[in-house]
Amino acid sequence: MRVTLIKPNIGRREHSLYVDEARMEPLMLGVLAGLTPPDVDVVMHDDRMEQIPYDDATDLVAITVETYTARRSYEIADEYRKRGVPVILGGMHVTLLPDECVDHADSIFLGDAETLWSQVVDDARNGRLRERYDGPPGVGQIGGALPRREIFEGKGYLPMALMQYSRGCRFACSFCAVSQYFDKKHYIRRIDEVLHEIESQKRKFIFFVDDNIGSDRKALKELCRELIPMKVRWFSQASLDLTREPEIMRLMADSGNVGNVTGFESITHASLKESKKSPNIGQFSNYEREIKVLREYGMQTWAAFTLGYDNDTYDSIMATMEFALKSRFTFAAFNILMPYPNTPLYRKLEEQGRLLFDGKWWLHPEYRFNQAAFAPVRLTADELTDACHEARKRFNNVSSLFYRFSDIKTNLKTLWSVAAYWRYTTLFRKEVYKKHLMRFGLD
Ligand code: SF4
């Protein structure tokens, strides 16, 4: 039996294919391969850089669907189904919107794969695939399952190993699909299994893809203590409240943490309240104290902002960009607030009649990447789209790149941080421009 795993792309640029040059290993497909019985042949195709060989023989196709890739995922699923190959769709978008996905699949998988994937493969092998499987969200890679990393080989992924220590987050930010999916719960893997996974592969630079690795501080401290003797470098996604605990900051730095992706979201208290961004609100100090701590520990911060709150204007968006520049963040993302399906933000905008693109921007043929998908209060949707892109352009121009680089405590701290700064900021800067206004899907 052969199972084919697919990582879909978002779509294409107006006149050419889009190849994602900043692509990371699709960890969840490696995990899925690891959960597949060993007598089954597994192949993986990554639509971000290779053509999908629809006519290659296979017995089951599994596609991981995110909201941004839903339109392209359905195109791929339809191609396989035209050829009589059964398709199962899984991933966060399927769990958030199962009714939409059923039209493009023989089977859908809601929740996490760990408990039921071998059953799916068995059912497919015996020609009795069920229409729907419900796996509970929970601890990743239970039983010590290791990803089959050989399926990543030769596909040009960034030179870092993706791993997961935990899933979910205890916070409840109104725009966050993760919080919705995991119902504000946080699930942590056994630490010995994580350490074994680190030892089982050769990379020394690790990206823990946890939704918020700081959601459980005790668990994070345990991980840091175990990582110290392993002499790895790592980064992850972490909420800003961690900066209030010196012990944790010390442990993170000592264990090789080089920085994190952190959601600053907004520089105004009113917008943080609107988004229910509680890890940023406590003792709000315009982030002066938090940034001082991050610099003290030499961390290269990738700041994420969400823009388009009810109080946002062109001036507040430019002030956000100036703040990010002044803070000399290694990188900053100026994301438009996106109404992900089934989130509190989506429901609020729907009730207020403010959703654009028929409320389904991810499927709408006119929607383009980076466009506002709702009507803001103090700007038009187009003004919001343009202001965010202007912020990206100003933050990423050449003089800004050198200005941010000049931070001796972070980007100039070691030879490694200098190399990482230039390698990744230039790469992601390029992707920001390439992806702007990209079409979703290929048709
Ligand atoms: S802190 Fe991050 S992961 Fe947690 S709910 Fe907020 S946005 Fe989501």
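Predicted model: local features only at pLDDT ≥ 70, side-chain atom pairs only at ≥ 80, totals over all residues.
Two residues are in contact when their C-beta atoms, placed from the backbone, lie within 7 Å. By that rule, and setting aside residues up to four places away in sequence, Leu5 touches Leu29, Leu32, Ala33, Val42, Met44 and Ala62.

**Domains and how they meet**
- The domain assignment divides the protein chain into domain 1 (2–135), domain 2 (159–296) and domain 3 (300–405 + 436–443).
- Taken over C-alpha atoms, the centres of domain 2 and domain 3 are 23 Å apart.
- Their contact draws on 22 residues from domain 2 and 24 residues from domain 3.
- On the domain 2 side of this contact, the elements that give two or more residues are α6 (177–181), β14 (257–265), α10 (269–274) and α12 (288–296).
- Strand β14 gives the most to that side, with eight residues.
- Sorted by class, the domain 2 side that touches domain 3 has 10 nonpolar, 10 polar and two charged residues.

**The nonpolar core**
- In the largest nonpolar core there are 106 residues.
- Helix α1 (residues 27–35) supplies the largest share of this core, six residues.
- The residues with the most contacts inside the core are Leu5, Leu32, Ile63, Ile88, Leu89, Phe109 and Ala332.
- Leu5 and Leu32, both in that group, also touch each other.
- As background, nonpolar side chains tend to be buried together in soluble globular proteins.

**Helices α8 and α9**
- Helix α8 (residues 217–227) packs against helix α9 (residues 246–254) at an angle of about 30 degrees, and their axes are 9 Å apart.
- The crossing of these two helices, α8 and α9, is left-handed.
- From α8, the residues Arg217, Leu220, Lys221, Cys224 and Arg225 meet Ile248, Leu251 and Met252 of α9.
- Five of the residues in the contact of α8 with α9 are nonpolar and three are charged, with no polar ones.

**A look at Ala253**
- You will find Ala253 in helix α9.
- Ala253 counts as partly exposed because 15 other C-beta atoms lie within 10 Å, whereas a buried residue needs 20 or more and an exposed one has 12 or fewer.
- Apart from neighbours within four places in sequence, Ala253 is in contact with Tyr297 and Gly298.
- Ala253 and Asn342 are 89 residues apart along the chain, and 37 Å separate their C-alpha atoms.

Note on methods
Residues numbered from 1 in each chain as written. Domains from an automatic or database assignment. Helix = DSSP H or I, 4+ residues; strand = E, 2+ residues; numbered from the N terminus. Nonpolar A, V, L, I, M, F, W, Y, C, P; charged D, E, K, R; others polar. Core = buried A, V, L, I, M, F, W, Y, C linked by C-beta atoms within 7 Å. Axes fitted to C-alpha atoms, helices over the stretch in contact; angles between N-to-C directions. Left-handed = near helix turned anticlockwise from the far one by under 90°.
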